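The sequence and structure come first.

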Amino acid sequence: MCTLCHLKEHATAASASGASGLWSARRAFVLAAAASAASTALAQVDVGKPSGLRKLVPAEQLEGAADQQYKQLMAQAQAKQAYVPASHPQVVRLRNIANRIIPHAAPWNERAKNWRWEVNLISSKQINAFCMPGGKIAYYTGILDQLKLSDDETAMIMGHEMAHALREHARERLAKSSATSIGLSIGAQLLGLGQLGDVAANLGTQLLSLKFSREDESEADLVGLDLAARAGFQPNASVTLWQKMSAASGNNGTSFLSTHPSGPERIATLQANVPKVQRLYEAARKG
């Protein structure tokens with residue numbers, strides 16, 4: 001979900017037709033049944049409980065709006081010939097990584113069991129990636145090529161972006177902004193009354209300019225680290241990833257960094273949490 005404010009200018013890949021472009025959580029769970037058993041273990045990172053404010057925006061409406069927006073972005077990218085086909089090695093790589101991580105998503109959010117996951121790649125020099133509510137993921141070729149990411153580092157980005165969706169940060173942020181700008185009462189929102197219908201109708205548009213708080217970003221770092229470690233990706237790659245991000249911060253096209261501060265504090269927090277998930281990683285590699 002991060003950095004979607006730039007997506008109108010750099011529209012994403014056309015919605016892949018058929019089974020090749022569509023991820024269902026059920027299929028992913030079948031492909032990695034053994035791994036899903038390990039996912040039920042308690043989280044090894046401490047991020048607390050999700051905010052109750054997210055309940056002010058119905059999850060079904062938000063995910064539906066995200067799905068429609070994602071399809072539109074994909075169609076725009078296809079029209080601009082920015083869609084990278086499913087047969088491309090980088091797309092195959094991304095989808096293989098996703099299939100390893102997705103089975104570990106449900107313990108963080110039960111709704112993820114029914115999400116229709118998608119992973120697409122956009123041809124652009126922009127350093128960017130996102131995951132919309134409901135599991136709609138996109139990468140830009142720039143983030144893979146310019147930073148020369150390993151599979152482990154790519155998985156850390158994917159885990160981070162998936163974590164935003166699983167922890168429903170977009171739902172929380174939209175609830176806060178809607179309550180402030182429109183003055184909806186909590187009771188009316190919970191009951192689906194008043195202007196809530198208008199808010200839901202505008203969700204897709206708001207997703208394009210949504211930015212997460214520093215707290216959301218830190219939480220996504222840690223949840224993403226946990227997810228990737230359970231999928232068998234090297235935890236220390238989270239540190240090397242953000243070291244690369246920090247080094248790239250002076251380059252053009254680093255929109256990802258505008259909402260993903262990569263300072264020493266962020267790297268230090270990840271370093272402190274790497275040992276907490278090391279055993280998860282080792283168990284996954286043995287399995």
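**Loop residues with positive phi**

E168 is buried, with a relative accessible area of 10%, where buried means under 20% relative accessible area, exposed over 50%, and partly exposed in between (1.4 Å probe, protein chains only). The model is predicted: local features need pLDDT of at least 70, side-chain atom pairs count only at pLDDT 80 or more, and totals for chains, interfaces and linings use all residues. Residues are numbered from 1 along each chain as its sequence is written, and side-chain values use heavy atoms, with hydrogens and water left out.

- E168 lies in the loop between α6 and α7 (169-182); helices (H or I, at least four residues) and strands (E, at least two) are DSSP runs, numbered from the N terminus.
- The phi of E168 is near 55°, a positive value in a residue other than glycine.
- Q81 belongs to the loop between α3 (59-79) and α4 (89-101), and its phi, also positive in a residue other than glycine, is near 60°.
- Q81 is exposed, at a relative accessible area of 73%.
- Most residues other than glycine have a negative phi.

**Overall make-up**

- The protein has 14 helices and 3 strands.
- Of its 287 residues, 55% are buried.
- Among contacts (heavy atoms within 4.5 Å) between residues at least 6 apart in sequence, 81% join residues at least 24 apart.

**Packing of α6 with α11**

- Two packed helices are described by the angle between their axes and the distance between the axes.
- Helix α6 (residues 151-166) packs on α11 at an angle of about 120°, with the axes 7 Å apart; axes are lines fitted to C-alpha atoms, for helices over the stretch in contact, and angles run from 0 to 180 degrees between N-to-C directions.
- The two helices α6 and α11 are therefore oblique to each other, given that angles under 35 degrees count as roughly parallel, over 145 as roughly antiparallel, 65 to 115 as roughly perpendicular and the rest as oblique.
- On the α6 side the contact includes A155, G159 and H164, and on the α11 side it includes D216, A220 and L227.
- By residue class, the contact of α6 with α11 divides into 9 nonpolar, 4 polar and 3 charged; Ala, Val, Leu, Ile, Met, Phe, Trp, Tyr, Cys and Pro count as nonpolar, Asp, Glu, Lys and Arg as charged, and the others, Gly among them, as polar.

**Packing of α6 with α12**

- Helix α12 (residues 237-248) and α6 pack at about 85°, with their axes 8 Å apart.
- That angle makes α6 roughly perpendicular to α12.
- D152, E153, M156 and I157 of α6 meet A237, S238, T240, L241, K244 and M245 of α12.
- The residues of this contact of α6 with α12 divide into 5 nonpolar, 2 polar and 3 charged.

- D216 sits in helix α11 (residues 214-230) and is buried, at a relative accessible area of 6%.
- Leaving aside residues up to four places away in sequence, D216 touches H164, H169, E172 and R173.
- D216 and V47 are 169 residues apart in sequence, and their C-alpha atoms are 9.8 Å apart.
- N273 is part of helix α14 (residues 264-286) and counts as buried at 6% relative accessibility.
- Its side chain reaches the backbone oxygen of T269 at 2.8 Å.
- N273 touches V45, L222 and L225, again not counting residues up to four places away in sequence.

Terms used: A polar contact is a pair of N or O atoms within 3.5 Å; within protein, one must be able to donate a hydrogen and the other to accept it, and residues adjacent in sequence count only if both atoms are side-chain atoms.
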